[in-house]
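Here is a friendly briefing to read alongside the model.

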Amino acid sequence: MRYRSFIRFYEAFIAYAGCNLVLATAAAAICAYIAPAAAGSGIPEVKAYLNGVDAHSILAPSTLFVKIFGSIFGVSAGFVLGKEGPMVHTGACIASILGQGGSRKYHLTWTWLRYFKNDRDRRDLITCGAAAGVAAAFRAPVGGVLFALEEAASWWRSALLWRTFFTTAIVAVVLKAFIGFCRSGNCGLFGKGGLIMFDLSSTPTTYSSLDLIAVVVLGVMGGIFGSLFNFLLDKILRTYSIINERGAPFKIMLTMAISLLTSCCSYGLPWLARCTPCPTGIKEECPTIGRSGNFKNFQCPPGHYNDLASLLLNTNDDAIRNLFSGGTEGEFHIATLFVFFVVVYCLALVTYGVAVPSGLFIPVILSGATYGRLVRRFLGSVTDLDAGLFALLGAASFLGGSMRMTVSVCVILLELTNDLYMLPLVMLVLLISKTVADSFNKGVYDQIVKMKGLPYMEAHAEPYMRNLVAGDVVSGPLVMFSGIEKVGNIMHALKLTGHNGFPVVDEPPLTEAPELCGLVLRTHLLVLLKGKHFSKDRVRAREQIMKRFGAFDFAKAGSGKGLKLEDLEIGEEEMEMYVDLHPITNTSPYTVVETISLAKAAVLFRELGLRHLCVVPKAPWRPPIVGILTRHDFMPEHILSLYPHLSSHK
């Protein structure tokens with residue numbers, strides 16, 4: 001009998017781990033081979049894009065496809081990850097595709113959307129898309145707006161505020177409509193839930209001054225655990241990058257190994273927990289029958305439940321709902337909470353970074369809610385707050401300690417739980433955890449942005465930049481064009497350099513003295529050369545009129561490959577001809593004098609959302625331009641490589 005029972009449980013594990021392994025392998029395969037940029041949460045990439053780092057693969061249609069289906073496979077595979085981060089990336093990808101008028105590659109284009117094909121409108125649309133992703137993931141429309149303001153966007157204005165608010169309002173209306181439709185029984189297992197995921201409003205929230213001691217303890221713990229989480233995650237991601245660089249097969253094998261580890265923990269550890277008699281006088285059915293619930297039977301006899309299985313063998317959302325549930329002080333043993341915290345904390349660290357779309361919100365909320373309940377058990381004689389409220393405060397402390405968001409996290413948690421009376425305590429625990437964690441390292445998304453080498457510009461300049469001027473960091477050599485330039489010279493400059501912006505200088509006989517005409521972009525030069533509006537005579541070239549170009553020919557390219565230098569077919573005879581650059585030149589570029597403080601130039605560059613900043617000389621007899629400042633010139637790595645002695649002042 002025992003042997004037969006052992007065989008049954010062994011077969012159950014094979015079926016459970018096998019299904020998880022197949023789903024995890026599918027998610028890793030499409031991510032590794034179709035869109036590697038879809039791995040991870042995507043929030044650091046969206047944050048970098050909204051800061052001015054333009055990379056087409058981040059928001060490509062293929063990335064959107066893998067993000068959607070990879071998230072479905074990853075969550076279904078039982079990984080300790082969230083779908084909230086990928087939903088932010090998904091919303092940004094959809095907004096980017098709409099902003100570029102659709103996708104020509106997949107024959108999905110809309111002519112009326114081409115009016116958004118510029119940097120400013122595309123950036124605003126992607127900000128609205130990121131806010132919509134948060135609103136859809138957490139069912140928190142106001143939290144989505146604040147997330148875009150606090151964490152995602154680098155530039156904000158009043159017009160963008162009402163646009164994101166309108167977007168998240170539409171999300172809330174659509175979600176409410178679908179929830180009402182599903183409650184009629186048309187969606188199977190998805191018929192439960194509402195805009196409030198974990199309703200704690202029925203739990204009494206009267207608190208005293210002694211309760212503030214527990215809140216301070218939770219805040220300090222959240223700051224310590226959060227900073228430790230960020231430190232360990234940075235080390236693990238750097239190790240994973242060495243494995244992932246070896247190719248797609250190694251990415252898939254790493255994902256499979258983590259899947260097996262997760263299955264072993266979630267299936268094997270509940271065997272170590274003891275069975276607990278079902279409590280009396282509860283509304284829920286105990287043990288739970290079905291996919292979710294607070295009281296999983298697992299291997300226990302009738303009338304008993306396994307508390308660790310109620311957390312590990314549930315969906316992540318249901319596990320959070322169990323931890324947040326009020327009036328359940330004795331439902332989970334201390335040993336169970338400790339084991340679950342260690343498992344979730346460690347699995348979250350090793351899961352993020354594999355070739356699967358994965359978020360950090362859910363693992364962080366799970367870990368924080370668990371040690372929140374642990375603190376409630378240890379401080380039972382000091383505080384009268386409910387264990388579910390302590391779980392909420394623990395989740396807030398860990399979110400503040402790891403992600404360093406305050407206002408948006410506070411509103412998201414309040415919208416999730418419908419508990420407005422907890423606002424002062426949530427605010428306090430977030431501020432304490434963020435303050436403690438800031439003394440150790442940066443937020444998790446800031447660390448990932450730095451680790452990936454994305455040239456992200458901070459809101460404030462580094463202190464050592466005050467000792468430098470703009471002319472000290474201008475990198476050369478400077479490549480300039482005349483207002484009427486020979487085609488061969490342009491082709492030669494485009495081949496030898498990777499610059500995206502070139503100054504245009506008018507010289508005699510067009511002007512009395514050399515003067516800066518403006519700035520021309522590489523993409524515009526390629527379009528102009530593709531049109532072949534050339535002239536053999538330099539004087540007649542100025543008379544050429546751009547009749548063959550449409551209004552949107554020079555619009556911002558989409559996320560596809562776009563026009564490349566290899567696509568041009570310029571003959572030897574055409575190389576000796578001339579082309580007028582004045583019609584495509586930005587004649588009013590932003591300029592600074594070479595003696596301006598580098599700190600001021602950095603703030604100006606970021607606040608205006610620039611890609612190029614022209615540096616002009618202070619003396620009138622010198623050439624009209626000294627150089628061009630780009631994002632690379634403001635990076636600490638570049639500045640400290642030029643002036644190593646400044647590293648001591650960093």
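At roughly what angle do the axes of helix H8 and helix H9 cross? They cross at roughly 130° and come within 8 Å, with H8 spanning residues 209-244 and H9 residues 248-268. This is a predicted model, in which local features need pLDDT of at least 70 and side-chain atom pairs count only at pLDDT 80 or more, while totals for chains, interfaces and linings use all residues. Residues are numbered from 1 along each chain as its sequence is written, and side-chain values use heavy atoms, leaving out hydrogens and water.

**Helix packing**

- Helices here, like strands, are DSSP runs numbered from the N terminus (H or I, at least four residues, for helices; E, at least two, for strands).
- Two packed helices are described by the angle between their axes and the distance between those axes.
- The axes are lines fitted to C-alpha atoms, for helices over the stretch in contact, with angles running from 0 to 180 degrees between N-to-C directions.
- H8 and H9 are therefore oblique to each other; under 35 degrees would count as roughly parallel, over 145 as roughly antiparallel and 65 to 115 as roughly perpendicular, with the rest oblique.
- On the H8 side, Tyr-240, Ile-243 and Asn-244 make the contact (heavy atoms within 4.5 Å), and on the H9 side Phe-250, Lys-251, Leu-254 and Ile-258 do.

**Annotated segments**

- The unreviewed UniProt entry carries the annotation "transmembrane region" for residues 12-38, 58-81, 160-182, 213-233, 254-273, 334-366, 387-414 and 420-437.
- UniProt positions follow the numbering used here, feature names are shortened, and annotations may be inferred rather than shown by experiment.
- Residues 254-273 are 75% helix and 0% strand, and their end C-alpha atoms lie 29 Å apart.
- Residues 387-414 are 89% helix and 0% strand, with end C-alpha atoms 17 Å apart.

**Salt bridges**

- Side chains of opposite charge can pair when their charged atoms come close.
- The model has 15 salt bridges, each a side-chain nitrogen of Lys or Arg within 4 Å of a carboxyl oxygen of Asp or Glu.
- One of them joins Asp-446 and Lys-47 (2.5 Å, N to O). This pair links distant parts of the chain, 399 residues apart: Asp-446 is in helix H17 (residues 444-451) and Lys-47 in helix H2 (residues 43-51).
- Asp-446 is partly exposed at 23% relative accessibility, whereas Lys-47 is buried at 5%; buried means under 20% relative accessible area, exposed over 50% and partly exposed in between (1.4 Å probe, protein chains only).
- Asp-318 and Arg-321 form another salt bridge (2.8 Å, N to O). The two are separated by about one helical turn because they sit 3 residues apart in helix H11 (residues 316-324).
- Asp-318 is buried at 8%, and Arg-321 is partly exposed at 31%.
- Glu-607 and Arg-606 also meet in a salt bridge (3.9 Å, N to O). Glu-607 is partly exposed at 46%, while Arg-606 is buried at 8%.
- Elsewhere, salt bridges that share partners join Lys-47, Glu-151 and Asp-446 into one network.

**Arg-622 in its loop**

- Arg-622 lies in the loop between strand S11 (613-616) and strand S12 (627-629), and is partly exposed at 37% relative accessible area.
- Beyond its neighbours within four places in sequence, Arg-622 is in contact with Glu-594 and Pro-617.
- The side chains of Arg-622 and Glu-594 make a polar contact (2.5 Å). Such a contact is a pair of N or O atoms within 3.5 Å; within protein, one must be able to donate a hydrogen and the other to accept it, and residues adjacent in sequence count only if both atoms are side-chain atoms.
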